[in-house]
Structures are given as C-alpha cells and as structure tokens.
Amino acid sequence: MGRVTLGAALTIGLGGAVWAQGSADTIGAIRARGAVLCGVAGTTAGFSLPDSQGIMRGLDADGCRIVAAAILGDASKVRFINTTATNRFTALQSGEVDMLVRNTTWTLGREAALGLEFASINFYDGTGFMVKTASGVNSVKGLNGATVCVQPGSTTELNLTDYFRLHNLRFTPLVIENLEELRAAFIAGRCDAFTTDASSLASFRVTQGANAGQYTLLPEIISKEPLGTAVRKGDWKFFDVVRWAHFAQLTAEELGIDSENIESFRSSSNPEIQRFMGATGDLGRSLGVAPDWAVQIIRQVGNFAEMWDRSITPLGIQRGINNLWTKGGLQYAPPMR
C-alpha cells in the first residue's frame, strides 16, 4: 500500500474525525492473511533482534506475538518488519504494518497529530547517556562542549537539546539515522557520548561482550519515556485486543498463572480465574476473539514476568518501576470482568 499523507488520511464524518488509513477492520485483515504485520527495530538486543536461527527475540517481538496468539490462536503467526526511527510512523499510517512495537515513546504530539493511538506500555524508560569509561566522565554535567551521537526523529533528540539548554551546556550533535552506524561512530570515537533510551544503551553494552567494561552508563535519566505499542486511530476493536493482550499478561502474573502451570488453573473455583480462562463470561466474544484468547497468550508466550526475565533480565536491567503495582511498580491491569 502506498503512503498516505496526513491530510488525505483524515476524513470528517457525522461521528467526527475518522482516520481512514489502512483497513478499517485490522482484525479481519489479519485473519485473511493469516499473520500480524508488526513493525519492530530488529536491531536491539532484549527488544527485537534475530537469534542465530533468524528468529526475532525480545520484549517487543513478544509484544507482537501476544496479539497473534489472541487473534489467530498462534503466536508464531507474525511477520516482523524492521523500521527505523524516521520511517516507523509512516509504516503504520500507510498500513505497511498493523502495529508498531519499536521502543516508541508515547507522547501527546504523536497521538494527537499522527493518527496513532498507544494501546499499552511495555517498558517505562528514560533518556540516558553512555561514555567510554576511559574518558573519566561520571556525569552529564561533564559533557559540556562534547559531541553527542543521537538518532534523528526521536524523542531523544529533543530531550538532548532541551536538557543541555536548560543547564547552559554546549554540545555538537552527530546525527545518524541507522542505529548500527550510530553505535559504530561512538565506538570509533567520532562522538564523546551516545544518548538514547537507557534500556537501549544497556542492550548495546551487553552486546559488546568482553569489552562491555569499556563503556559506562551515566547516572542521570533526563526524561520520561513510556515505551509502548502504537496502532492506527479509529479501529477500536483492534485497539482493544492489543491493549488487553498486554493486560492479560499482567493479570496472569498477579494471579500466579504462567506458561508452565496454566493448565492446573482450569479447575479453579476463583471467579476471576474462571473468567480469565474463558470458562465463564463472554470476554472473548466482547473482544471478537476466542473464549480462551488469554490462555493462548500465556501458554504460548508467557506472563509479563516470564517475558521480562527471558529478554530484559540478561541485559542487567532491574525490573524496578516496570514491576507490578503490588511490588511498587507502575504496571497495573484494570479488572478483566
């Protein structure tokens, strides 16, 4: 499908503004083709990066799989489409992808002006900075006059400018769109610091193996970066499925349900668990999916803790504010009833 301009995509009907990008029935389109088209980065360990067998792995990749499990009953029915920081929104607007799970920050501007809606937050993050350990720099305040590597078209670029202006610091940006090239520029010494989401910096450091100690994450986190899943505005049935697929993982974690023990909960007399398992109520029908949609998500992908431990824990990142609300974190699922 060709690109759709913002003006052409917005049509006005009796119900108000309607975003007419792509198919009005994303769920129907997914079922017809037999796969979810999911926009990812494809270059970030822990979030979306192919393994040695070419299988896309990571928190974002699994965020695509839970939707496939809910709609198609098969978490493997995903076509991963690599996107960049600058073309990701066009890919979603034009219908090239059904959903975008690409370390993408939920902001007012993106939701109000681009015809997108953020359905969930899978990682609460913030803009961080990395330097070479040998530099001796231990604070962002020590980067006055530095050259900083940054991607264009990202919230990081804006955060960098705002922070340095606020603190009367000077910097020279080295702007490179391709993330691998940006990382290579930092390693080669073309910039004094590298800035992006702190999670992505931790991911980069882990991939350096024995050389990881050569790189230091500075302590400052200079922004709020709620990273989540974006879909096109207007197709609210698909929005609901994407949002509640995430909430189902959180609910399962709260209830102690995981991929290993889920079958043992079929005999539970707990009304909440019965609804979760699809044994009572009509939650699946309300969403337009099978009664056992949540079961398929947990059986095939796991609850949120399983997904986190599989992808993020190896990066050395503590769960912290990404924990469940019952453990002092921000992850909170409304009642499934």
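This is a predicted model: local features need pLDDT of at least 70, side-chain atom pairs count only at pLDDT 80 or more; totals for chains, interfaces and linings use all residues.
I started with A32, which is exposed, with a relative accessible area of 70%. I then looked up where A32 sits, and its place is in helix 2, residues 26-33. I also checked A32 against I222: they are 190 residues apart along the chain, and their C-alpha atoms are separated by 44 Å.

I found 5 strands forming an open sheet with mixed pairing, in the order 11-10-12-9-13. Which strands are at the edges? I get strand 11 (171-175) and strand 13 (215-217), each pairing on one side only. On average, neighbouring strands here are turned by 30° against each other, direction ignored.

I noted V131 standing opposite T216 in strand 13. Helix 8 (residues 198-207) packs on this sheet, where I see it touching strand 9, strand 12 (193-197) and strand 13. The direction of helix 8 makes about 120° with that of strand 12.

Last, helices 9 and 12. I looked at the axes of helix 9 (residues 236-255) and helix 12 (residues 293-300), which come within 10 Å and cross at roughly 70°. So I can call helix 9 roughly perpendicular to helix 12. I logged the crossing of helix 9 and helix 12 as right-handed. Who makes the contact? From helix 9 I list W244, A245, A248, Q249 and A252, and from helix 12 W293, A294, I297 and I298.

Notes:
Residues are numbered from 1 along each chain as its sequence is written. Side-chain values use heavy atoms; hydrogens and water are left out. Axes are lines fitted to C-alpha atoms, for helices over the stretch in contact, and angles run from 0 to 180 degrees between N-to-C directions. Helices (H or I, at least four residues) and strands (E, at least two) are DSSP runs, numbered from the N terminus. Angles under 35 degrees count as roughly parallel, over 145 as roughly antiparallel, 65 to 115 as roughly perpendicular and the rest as oblique. A crossing is left-handed if the near helix is turned anticlockwise from the far one by less than a right angle, and right-handed if clockwise. Contact means heavy atoms within 4.5 Å. Buried means under 20% relative accessible area, exposed over 50%, partly exposed in between (1.4 Å probe, protein chains only). Two strands pair if DSSP finds at least two bridges between them.
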